[in-house]
Amino acid sequence: MMEASTLRTTCPRDCYDACGMLVKKTADGPIRVVGDPEHSVALGALCGKCSIAYNGVWRDPDVRLTWPLKRRGVKGAGQFERVSWSEALSDIASRLNGIRAQHGGKAVLQTHYTGTCSLIAGVFPLRFFNRIGATEVDPDTVCNKAGHVALQLVYGESTRGFDPRTIDGAKSLLVWGANPSASAPHVHKHWFGKARIPKIVVDPIRHETAAAADMHLQLYPGTDGALAFAMLHVIRAAGRIDEEFLAAHAIGWMEVDSQLEACTPAWGESQTGVPAHLIEEAALAYSAGPSLLWMGQGFQRQTFGGNAMRAVALLPAATGNIGKYGAGFLYLNGWDARSVDAGFLAAQHLNSEPSPSISHMDLASHLESAATKALLTWNNNIAASSPEQKRLRSALEREDLFQVTVDLFQTETANYADYVLPAASFLEFDDVVMSYFNSSISAQVKAVPPLGEALPNQEIFRRLAAAMRLTDPELFETDESLIQTLLEQAKPGLTFEALADVGTVFHPSRPSVQFELHDYKTPSGKIELAGEAFVKSGLPRAPFPSAEARPLGGHLRLLSPASEWLMNSSYGNDPKILKQLGDDQAFINPGEAEARGIKSGHRIRLATAIGEITLRVAISADVPMGVILAHKGRWSTRGEGNVNALNPGQKSDLAESCAVHSINVSVVAA
Ligand SMILES: Nc1nc2c(c(=O)[nH]1)N[C@H]1C(S)=C(S)[C@@H](COP(=O)(O)OP(=O)(O)OC[C@H]3O[C@@H](n4cnc5c(=O)[nH]c(N)nc54)[C@H](O)[C@@H]3O)O[C@H]1N2
Ligand SMILES: Nc1nc2c(c(=O)[nH]1)N[C@H]1C(S)=C(S)[C@@H](COP(=O)(O)OP(=O)(O)OC[C@H]3O[C@@H](n4cnc5c(=O)[nH]c(N)nc54)[C@H](O)[C@@H]3O)O[C@H]1N2
Ligand code: SF4
Ligand SMILES: [Mo]
């Protein structure tokens, strides 16, 4: 095959890496998508899942949605007929206008998340929803909201983390509740993997990143608060609390300090299962500093998620690991770290009142309620990803609920829709992408025309706004204008053409130091370790050494984090990925298998009060006793749903966020 041309673009998946890629066009038609050898993160390779899917189902007209569909059969059956864009949009417009007139915009529920993380396709449609005053199902509640709100309370913000380039000044690296070997494979291989400093990983699972660390603190899930306090006990006993830093930059330390005496390493071991000597070694390595702390999204998805985040966030403050090169913490590096104003993209001002918002934990009950008249889902697959799966799917069967789904594929959510609208993929339009780990600004460049009649999200919502006879100019702003404004905000003078040419720039171009100016955006202007603000948010004044009780009655704690072969539920329909992924597996410790007389390959039934599924057992010593691991994101097999069929949608202690890692399940041979 002759390569007729090559262009650069960027992967916009919900992944820390934001890889640069090359799209090679051949003279006879097909394209090939590969990693960009000149991209400093990708280094010439995409991850396994994207290499397959971008050259597989993402370009396959037999699998992709290519024209608008209207439901013919009963909801959920997936029977549709092709309709024209004008028929679909005029019918959707009149239904939505009718609902707005009779019940107000809030009777329209919209769910969205990170189907694509490119800025315009990810955010611009919110202008439409703000204008009609729709109820937003708060996306972060199903992912990382407890962590964001906890860090906002303590440090005043959550999206300005350390600059990963400053690792050359760090003397240790602590990764807490993240699994880059699956969720950020290039960061795992090239950043974590190449760092020659003591590396500590805190995770119940011995995944590849944990196995590659110098110290793996394999705590029992939900005991992070206790572990952080036990580490602080050691740091205090070693005289390494940075009193000067705390006096200058923090308030509330005494309310923490008074709790530390009792939190000895031996006590820590009893709470967390981590050997006392490892707690000591890790605490001493971290407090020697400067040290980087990566706070992953896994450990705040628990009953004590907000408190756990606060407790772990004590470590950098107590040791003065803030405001200097090679120190700091990272949850996410948001667009605001590159001066981009998401508020402009969403045009909040189009709504006279703030849009009402609900938690994903309450989505199923809202869908059952007659007050909800319409549901629009875009960039999000609720039938796979949200809790209370069975109840949610039953609610989607409501004949009087008008549903529209915008997606690339006929997902299980789309099966319930009245109209399914085909979205164009990132290979088919221009946009801007920014990593949430490093400080990249990248061009997403149109490489091929949209498949069939597919349209980018933003264009679909422009056309819907026109069909609804809305006239606000913000609803019709062009991609060119949006991109130009975004790039100007981020880096004055940067044009899309210049960016597309190089693919990615890093901005700031030189490594920056987190909180170099100690400019904490809290009410006091200081790091707030304890105080009344927490009480107002439903937490105690001071963080405490939380440890969730272990399941009783032989139940196991279910963990369902990211799979290396799926991107949430995306790619679950690619046959080559399914081959890599193997059978629908759950992993348990050899001791738990033996106790239950279960052998590798047996099918087991997992059950909670709200549902059950069967999975095939794989036995692995990487999973501790008392835990069962079944990754998120599979499409239903056997009509049983996926792991969220077990998820009761329990909320964590903060921000109505999910506690999906606090689910206890019974496990028996099927
Ligand atoms: N049990 C369990 N459940 C979980 C989690 C867990 O850890 N355990 N994690 C949670 C987390 S962290 C998250 S973020 C959520 C994610 O849950 P979702 O937001 O549902 O993520 P995906 O499953 O990837 O769904 C995104 C959808 O967007 C579509 N898409 C891709 N590109 C585009 C586009 O350009 N336009 C449109 N319109 N659609 C597009 C994809 O085809 C896919 O169907 O899941 C949550 N659910
Ligand atoms: N391949 C792939 N990459 C992805 C995704 C994907 O689905 N697949 N999803 C994307 C999304 S939406 C997100 S939010 C990010 C998330 O990426 P990460 O921040 O890495 O978070 P998770 O993979 O959800 O979970 C990380 C780890 O938390 C651990 N964990 C669970 N419970 C606890 C606990 O109580 N304490 C501690 N210390 N650890 C615990 C899990 O064992 C897991 O190894 O990844 C993104 N990247
Ligand atoms: S999903 Fe992540 S690792 Fe895979 S190609 Fe995209 S950015 Fe790179
Ligand atoms: Mo997420």
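Helix H5 gives the second largest pocket the largest share of its lining, four residues. The model is predicted. The protein divides into four parts: domain 1 (3–59), domain 2 (69–142 + 336–422 + 454–477), domain 3 (162–330 + 517–536) and domain 4 (556–669).

**Domain layout**

- The centres of domain 2 and domain 3, taken over C-alpha atoms, are 38 Å apart.
- Domain 2 and domain 4 each give at least three residues to the shell around ligand 1.
- Domain 1 and domain 2 each give at least three residues to the lining of the second largest pocket.

**Second largest pocket**

- This pocket holds about 1300 Å³ of space.
- Its lining has 48 residues.
- Nearest the centre of the pocket lie Val 123, Pro 139, Asp 140, Trp 335 and Ala 342.
- By class, the lining has 21 nonpolar, 19 polar and eight charged residues.

**Ligand 1**

- The shell around ligand 1 has 29 residues, and the closest are Asn 381, Ser 385, Asp 407, Ser 569 and Asn 644.
- The side chain of Asp 407 places an N or O atom 2.6 Å from an oxygen atom of ligand 1.
- A polar backbone atom of Met 567 is 3.2 Å from an oxygen atom of ligand 1.
- Lys 632 has a polar side-chain atom 3.1 Å from a nitrogen atom of the ligand.
- On its own, ligand 1 exposes 910 Å², of which the protein buries 97%.
- The shell splits into twelve nonpolar, 13 polar and four charged residues.

**Ligand 2**

- Around ligand 2 there are 36 residues, with Tyr 16, Asp 224, Arg 301, Leu 566 and Asn 568 the closest.
- A polar backbone atom of Gln 297 is 2.9 Å from an oxygen atom of ligand 2.
- Gly 177 has a backbone N or O atom 3.4 Å from an oxygen atom of the ligand.
- For Val 202, a polar backbone atom lies 3.4 Å from a nitrogen atom of ligand 2.
- Ligand 2 has 900 Å² of accessible area on its own, and the protein covers 99% of this.
- Its shell consists of 17 nonpolar, twelve polar and seven charged residues.

**Largest cavity**

- The whole structure has one cavity of 30 Å³ or more.
- About 90 Å³ of space lies inside the largest cavity.
- The cavity has 13 lining residues.
- Five cysteines lie nearest its centre: Cys 11, Cys 15, Cys 19, Cys 47 and Cys 50.
- Helix H1 (48–54) and helix H7 (185–192) are the elements that give two or more residues to this lining.
- The lining of the cavity is made up of nine nonpolar, one polar and three charged residues.

Methods. Residues are numbered from 1 along each chain as its sequence is written. Chains are lettered from A and ligands numbered from 1 in the order in which they are written. This is a predicted model: local features need pLDDT of at least 70, side-chain atom pairs count only at pLDDT 80 or more; totals for chains, interfaces and linings use all residues. Side-chain values use heavy atoms; hydrogens and water are left out. On a 1 Å grid over the protein atoms alone, a cavity is a set of points where a 1.4 Å probe fits but cannot get out, and a pocket is an open set with protein on both sides within 12 Å along at least five of seven lines; lining residues have an atom within 4 Å of a point. Grid points are joined across faces, edges and corners, and a volume is the space filled by probe spheres set on the points. Ala, Val, Leu, Ile, Met, Phe, Trp, Tyr, Cys and Pro count as nonpolar, Asp, Glu, Lys and Arg as charged, and the others, Gly among them, as polar. Domain bounds come from an automatic or database domain assignment. A residue is near a molecule or strand if one of its heavy atoms lies within 4 Å of it. A polar contact is a pair of N or O atoms within 3.5 Å; within protein, one must be able to donate a hydrogen and the other to accept it, and residues adjacent in sequence count only if both atoms are side-chain atoms. Accessible areas come from the Shrake-Rupley method with a 1.4 Å probe; for residues, only the protein chains shown count as cover.
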